[in-house]
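Please look at the sequence and the structure before reading on.

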Amino acid sequence: MTLFIVVLLASLAVAYYLKTAARKPQVVYRDTGFNRNMLARLPQLSQRFFPTPWLFNTHLQLIVLGLEKAFSPALDYSHTDILTMRDGGTTSLDWVGLDTPPTPPPCWSCIPLPVLRKACAGW
């Protein structure tokens, strides 16, 4: 009887995951030739997305993100470039590792890395 209950609960969990979490992304865009061409080149946007099974819920993802930010060391930015866009907006390009002395490849951890962050209202 216990095995039956475990199998039933596992089946319900899988069904819930497939119905609510594993979905095709909803793409909202202006219907232009360029956008249609771009979407045709990105088959991932028309396929079902399977998030991590233990973080299938946005609330769980936010909790884990908060814990990760709380316990991760802060990034030490070497340099910041402020770029002005054609529409008048600004973009900050923060570099990590520019002051690290060069080493022979394949030292991937020594290569400067630009950190791109979505900004809203000057954040």
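The structure holds one salt bridge, a term that stands for a side-chain nitrogen of Lys or Arg within 4 Å of a carboxyl oxygen of Asp or Glu. It is formed by the side chains of Arg36 and Asp31, at 2.7 Å from N to O. Arg36 is partly exposed, with a relative accessible area of 45%, whereas Asp31 is exposed at 55%; here buried means under 20% relative accessible area, exposed over 50%, and partly exposed in between, with a 1.4 Å probe and protein chains only.

The model is predicted, so that local features need pLDDT of at least 70 and side-chain atom pairs count only at pLDDT 80 or more, while totals for chains, interfaces and linings use all residues. Residues are numbered from 1 along each chain as its sequence is written, and side-chain values use heavy atoms, with hydrogens and water left out.

**Overall fold**

The protein has three helices and three strands, which follow the pattern α-α-α-β-β-β along the sequence; helices (H or I, at least four residues) and strands (E, at least two) are DSSP runs, numbered from the N terminus. Of its 123 residues, 7% count as buried. The accessible surface comes to about 11000 Å², and 66% of that belongs to carbon and sulfur atoms, where accessible areas come from the Shrake-Rupley method with a 1.4 Å probe and, for residues, only the protein chains shown count as cover.

**The helix α3**

Helix α3, residues 58-71, has 14 residues and reaches 20 Å from its first C-alpha to its last, close to the 20 Å expected at 1.5 Å a residue; the expected span is 1.5 Å times one less than the number of residues. The count of buried residues among the 14 residues of α3 is zero.

**A buried alanine**

Ala22 is found in the loop between α1 and α2, and at 0% relative accessibility Ala22 counts as buried. Leaving aside residues up to four places away in sequence, Ala22 touches Tyr17, Arg48, Phe49, Phe50 and Pro51, where contact means heavy atoms within 4.5 Å. The C-alpha atoms of Ala22 and Pro53 are separated by 9.3 Å, although these residues lie 31 residues apart along the chain.

**Two aspartates in the strands**

Asp81 is found in strand β1, residues 79-84, and Asp94 lies in strand β2, residues 90-96. Asp81 is partly exposed, with a relative accessible area of 26%, whereas Asp94 is buried, at 4%. Asp81 touches Thr91, Ser92, Leu93 and Trp95, not counting residues up to four places away in sequence, and its C-alpha atom is separated by 4.9 Å from that of Leu93, twelve residues apart along the chain.

| Side chain | Partner side chain | Distance |
|---|---|---|
| Asp81 | His79 | 2.6 Å |
| Asp81 | Trp95 | 3.0 Å |
| Asp94 | Thr80 | 2.9 Å |
| Asp94 | Ser92 | 3.2 Å |

Notes: A polar contact is a pair of N or O atoms within 3.5 Å; within protein, one must be able to donate a hydrogen and the other to accept it, and residues adjacent in sequence count only if both atoms are side-chain atoms.
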